[in-house]
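Trainee: Please take me through one part of this model in close detail. I would like to know the sheet and what surrounds it.

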Amino acid sequence: MKHGEYEAAEELAADALEGERNRLLRLMEVGVLKHLQGNYSESNQLLSQADRLAYELYTTSVSDLMTRVGTNATLVTYRSNIYERVYIHYYKTLNYLYLAEEAKNSSEFQKHLDAARIEGRRAQILLDENLFQEGSYEEAEEENQKLLTQMLDLFAALNGEVINPRELIFRDNAFTHYLIGTLYERYDELDNARVSYERSARTYENGYVKQYGLDPGMASQAWFDTARILKTQRDNRWQRIAQEKLTSQQQETLQNWNPGQQAQLLVIQEVGMMSPRGELNLWMRLNTQTNQVVISPVLTGDENQKAYQLAWFHYLYADKGLLDVIERLAVDDYIGLIGRNHEKTIPLGPLRNSLDSLGLTEILAGTGVRLTVPMFYYFDPEIKRTRLQLESGKQVNLLNADNLAGLAMAQHLVDAQSEMNQAMAIESMRLVLCVQTGIPAPMCSLTAAATTSADTRLWVTLPNRIRLTRHLLEPGEYKLELISDANSFDVREQQTLNLEAGDLHIWRTRHFAEDPMSEVPAIVQQARAARMANETLVDNQDKVEEKIKEKSEE
């Protein structure tokens, strides 16, 4: 995919995601790869199926957990999360916009534009439902001001909890509202456009920028477009927004805005691809002296990988903080206070009787059991910065408008504790069922350890980040260039546009950091050779058919 061999990537993705359990993920992955190939109708067919299936499979079922007991986590049905469902609509919207451009002089043009608007509206309804369930950033801030919430945060910190799920919950998507506002504006539905731009601005401003590490300038950009629409409508509220929310340069640009006489250029750049997920291996055993279940990490790979795994375990699971100190003092475990602790301990108390009745005490006190939970490898995009160069030589930086890797990381952290709970319950149940067959407990433990695995599936063809810039331009022809800075080279793309008065042109592109000096991987060389051979075959076939046609006419 990074080398532009989208057909080969599609074939590999389809092969790797065989089976009904992977159907939703296969539809989403191949749907994006079809989009990147320019097969917009096929992409929409696949993503429409994915949308329906994602709605049906939105919650985890007990049958999935029972499947994990008999097999492992990779054999359960893949179910989407909220941000993936939003981005299904994003790609469908783009597909319809491109189809409308292809059908500009036909009766299909308006049909595709209407469909794009409908997809934007569906995304908006989905976000409205989620906002109703989770609450807005303003409501979350009010909740944080309450005394009880402050007390909970205090004692969570004393207990060593560094992950606050309330701060990670997906509430809304500011970038999607901004794009929806742009669609409404293209339709000349200015009231709806203003509402969407303003919601985007408030979402960026009230928490979205901070939560996902985005550019604060995105809030200013959304406020600018809110004020611009108000000025177009001759609503004097634009002056208040300009004074309170905009920079002096934005205020000057807005003063010179002439609706219908200027053109607009919106550049959207999708950067890289999603960071992968891996496995964190753990070992669970029973300390009969302290009556505690003890979970410790089993580190694998090189030193960097081991350090990352250890950090992940420490911040999400390991015992930390004041209450841990009190427990250790109570059992005279003073030595355990020296250095950083790399264990998670769970006092059993009266639950020890339940372990005895289930037959787990002997197994956990003896060999123990291996657990495997998913771990997210959070990578920054290889393209560090992107600039748009106008014909005059002026360069402007693109703003980070959305962080999909951040969305995935936050969702992963929210789910981390439930993943641990499920792994403990499922592996314990597998052990009990194995022992009940008469197989010795140590053999059951070894068998379970060899077959356990975590679910590392993820919609990887999504971009890592989305960046944008927007400009008001005089009508005319423009030669533009996007310059993306990687570690030691630039990725460049040029575009020539002829903008007319009143135009709102969207230039959307996808970039990967492909070093032209680096060696092309063998699998990519094979894919390119196969594509070139196929193109030659098709070309020859066309020539033969042309010759036959000529002979027939003669």
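Mentor: Start with a caution. Over residues 334-339, pLDDT stays under 50. The model has 5 contacts beyond four places in sequence for that stretch. Where pLDDT is low, the predicted coordinates should not be read in detail. This is a predicted model throughout. The protein chain has a mean pLDDT of 85, and 88% of its residues reach 70 or more.

Now the sheet. It is open and has 4 strands, in the order β8-β9-β1-β12. The pairing is mixed. Strands of a sheet pair through backbone hydrogen bonds, either parallel or antiparallel. At the edges stand β8 (399-403) and β12 (504-511). Each has a single partner strand, so one side of each is left without a neighbour in the sheet. From one strand to the next, the twist averages 25°.

Look at the pair β1 and β9. Strand β1 covers residues 263-271, and strand β9 covers residues 465-473. They run antiparallel, joined by 9 bridges.

Strand β5 (residues 369-376) is another one to inspect. 8 of its 8 residues are buried, so β5 is largely enclosed by the rest of the structure. In a regular strand the side chains alternate between the two faces of the sheet. Both faces of β5 are covered. Val 369, Leu 371, Val 373 and Met 375 are buried on one side. Arg 370, Thr 372, Pro 374 and Phe 376 are buried on the other. The partner of β5 here is strand β2 (residues 277-287). The two pair in the antiparallel sense over 8 bridges. Met 284 has Val 369 of β5 as its bridge partner.

Now a single side chain, Tyr 83. Helix α5 (residues 82-102) holds Tyr 83. Its relative accessible area is 2%, under the 20% cut-off, so Tyr 83 is buried. What does Tyr 83 touch, leaving out residues up to four places away in sequence? The list is Phe 170, Met 274, Leu 407, Ala 408, Gln 411, Leu 458 and Leu 462. Take Phe 170 from that list. Tyr 83 and Phe 170 are 87 residues apart along the chain, yet their C-alpha atoms are separated by 7.8 Å.

Finish with two helix pairs. Helix α1 (residues 6-16) packs with helix α2 (residues 23-37) at an angle of about 170°. Their axes are 9 Å apart. The two helices are therefore roughly antiparallel to each other. From α1, the contact uses Tyr 6, Glu 7, Ala 9, Glu 10, Ala 13 and Ala 14. From α2 come Arg 26, Val 30, Leu 33, Lys 34, Leu 36 and Gln 37. By class, that contact has 7 nonpolar, 1 polar and 4 charged residues.

The second pair is helix α13 (residues 237-245) with helix α14 (residues 248-255). They pack at about 155°, with axes 9 Å apart. That makes α13 roughly antiparallel to α14. Trp 238, Ala 242 and Gln 243 of α13 meet Gln 251, Leu 254 and Gln 255 of α14. This contact has 3 nonpolar, 3 polar and no charged residues.

Notes. Residues are numbered from 1 along each chain as its sequence is written. This is a predicted model: local features need pLDDT of at least 70, side-chain atom pairs count only at pLDDT 80 or more; totals for chains, interfaces and linings use all residues. Side-chain values use heavy atoms; hydrogens and water are left out. Axes are lines fitted to C-alpha atoms, for helices over the stretch in contact, and angles run from 0 to 180 degrees between N-to-C directions. Angles under 35 degrees count as roughly parallel, over 145 as roughly antiparallel, 65 to 115 as roughly perpendicular and the rest as oblique. Contact means heavy atoms within 4.5 Å. Ala, Val, Leu, Ile, Met, Phe, Trp, Tyr, Cys and Pro count as nonpolar, Asp, Glu, Lys and Arg as charged, and the others, Gly among them, as polar. Buried means under 20% relative accessible area, exposed over 50%, partly exposed in between (1.4 Å probe, protein chains only). pLDDT is the predictor's confidence in each residue, from 0 to 100. Two strands pair if DSSP finds at least two bridges between them.
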